[in-house]
Amino acid sequence: MLVFKFGGASVKDAEGVINLAQIVKRYPKEKLLIVVSAMGKMTNKLEALTRAYLHGEQEETHQLFEEVKAYHFGILEKLFPDHENPVYNDIANSFVEIDWLIEEEPTDAPDYIYDQIVSIGEIVSTKIVAAYLNFAGHPTKWLDARNFIQTDNNYREGNVNWEKTEEEIKTGLSPVLEHQIGVTQGFIGGTSENFTTTLGREGSDYSAAIFASCLNAQSLTIWKDVPGVLNADPKWFDETERIPQLSYHDAIELAYYGATVIHPKTIKPIQNKNIPLYVRSFLHPEAEGTDITASENQLPVPSFIFKVQQVLISIFPKDFSFIIEENLSDIFSLFHKHKVKINTMLNSAISFSVSIDEDPEKLQKLIEALSVQYKVKYNTGLELVTIRYYNQQTIDRVTVNKNILLEVKSRHTCQIVMKDQTTAS
């Protein structure tokens, strides 16, 4: 049993779907479950649609929805020139629920509405992929991930009920895969009341790991538009190196610190079952990529992870007393309440500083909540660089013409929050 995960870039157009089928053709004797994300940048478009709907911008909402439908039907027309193909009706019917939803005024909680709208990207992409695989001669069944991945009602960040999920996958999914390829969605799950939830942004890798774990798969392969896990993002460095092998531990560290090639939650479910994770290029499927296994080999080269649009928040007691455990407990509870993830942190006797992703809406509410008990200062427009297996040379490499606002070092990892010298305040 093999589990394949294809991201949005791999199915962004008709050519991508055809290429996916060519990759599947390379595994004629294998049992396959294929987990697929929304096509291209469709999740971003659906998020914009959701914001417009929640803000009562009807014209913008309907315009964006028409663009969503046109994009998918454009891909359909290239894959299925015969408009009598049943996939056309199937996709049209999939959009009907969103049509109905946006005709009414929003009355439900925003996070619930987000999940009902944004999840349509995965539903439609997988129906197109499944239809094309059947068309190309690969017997395939479309499967609804919401019937298998069971979560609580924590919309936008659904927590998986592992016991129930494993039971559903073993009893309902395994028999299907004995006879045909399965195609299902990443990113989404379902509640006990049959409402749709999502597992967090970029959560399709996590979905694939859940399926691989519960199926006791032979391996999980994530097909990307890069040749494997690189030691740095090519948009930041002219020269990068592919890392042929990674330990689960290093992969977790890199993902946690923001390496976009792997979702942070992906590794643990497969590590628990000792299932290897392969990162391969869908552009060159025959090429070597990166193997992530139980090997404890140290990374052969330092790895760099950049996050931009960072905010550095410094929190002080109003009476200039010490920051103690009681304060930290209160501060962390406020971050949790406002669903703000801390990327790095440093505390001193009278201050606690953190770096977070810049989200203006969340930031404003968080600052207001913190300011009730504490004095708060913050800087926006910053960069956070994380170096795994650093040395002074690697630090010097990334801090040229930068003002360092915060630096945190551990045995293997260095994190630096910084700003261009020309704009630093």
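**Entry 1: the second largest pocket.** I looked up the second largest pocket and noted a volume of about 420 Å³. The search ran on a 1 Å grid over the protein atoms alone, where a pocket is an open set of points that a 1.4 Å probe fits, with protein on both sides within 12 Å along at least five of seven lines. Grid points are joined across faces, edges and corners, and the volume is the space filled by probe spheres set on the points. The model is predicted, and I kept in mind that local features need pLDDT of at least 70, that side-chain atom pairs count only at pLDDT 80 or more, and that totals for chains, interfaces and linings use all residues. Residues are numbered from 1 along each chain as its sequence is written, and side-chain values use heavy atoms, with hydrogens and water left out.

The second largest pocket is lined by 21 residues, and E97, Q116, R146, N194 and T196 are the closest to its centre. Lining residues are those with an atom within 4 Å of a point. Two or more lining residues come from each of α4 (87–103), α5 (110–118) and α6 (120–135). I take helices (H or I, at least four residues) and strands (E, at least two) as DSSP runs numbered from the N terminus. Helix α4 gives the largest share of this lining, five residues. By type, I find ten polar, seven nonpolar and four charged residues in the lining. Here Ala, Val, Leu, Ile, Met, Phe, Trp, Tyr, Cys and Pro count as nonpolar, Asp, Glu, Lys and Arg as charged, and the others, Gly among them, as polar.

**Entry 2: helix α6.** I checked the length of α6: at 1.5 Å a residue, its 16 residues should span 22 Å, and the end C-alpha atoms are 23 Å apart, which agrees. The expected span is 1.5 Å times one less than the number of residues. Of the 16 residues in α6, 14 are buried (under 20% relative accessible area; exposed is over 50%, partly exposed in between, with a 1.4 Å probe and protein chains only). After α6 comes G137, with a positive phi near 95°.

**Entry 3: rings.** I found 14 aromatic pairs in the structure. Rings of Phe, Tyr and Trp (its six-membered ring) pair if their centres lie within 6.5 Å; planes under 30 degrees apart are stacked, over 60 edge-to-face, the rest tilted. F73 and F95 are a tilted pair, because their planes stand at 55°, with ring centres 6.3 Å apart. F73 is in α3 (residues 58–79) and F95 in α4, so the pair ties together parts 22 residues apart in sequence. F73 is partly exposed at 22% relative accessibility, while F95 is buried at 1%.

F332 and F352 are edge-to-face, with planes at 70° and centres 5.7 Å apart. I also noted a cluster of F4, F6, Y27 and W223 linked by ring pairs.

Which residue lies over the face of Y114? It is R156, at 3.6 Å from the ring centre. The charged end of K127 sits over the ring of W142, 4.8 Å from its centre. A charge counts as over a ring if NZ of Lys or CZ of Arg is within 6 Å of the ring centre and within 35 degrees of the ring normal.

**Entry 4: positive phi.** Most residues other than glycine have a negative phi. I noted N216, with phi near 50°, in the loop between α8 (204–214) and β7 (219–224). K339 has a positive phi of about 55° and lies in the loop between α11 and β12 (342–347).
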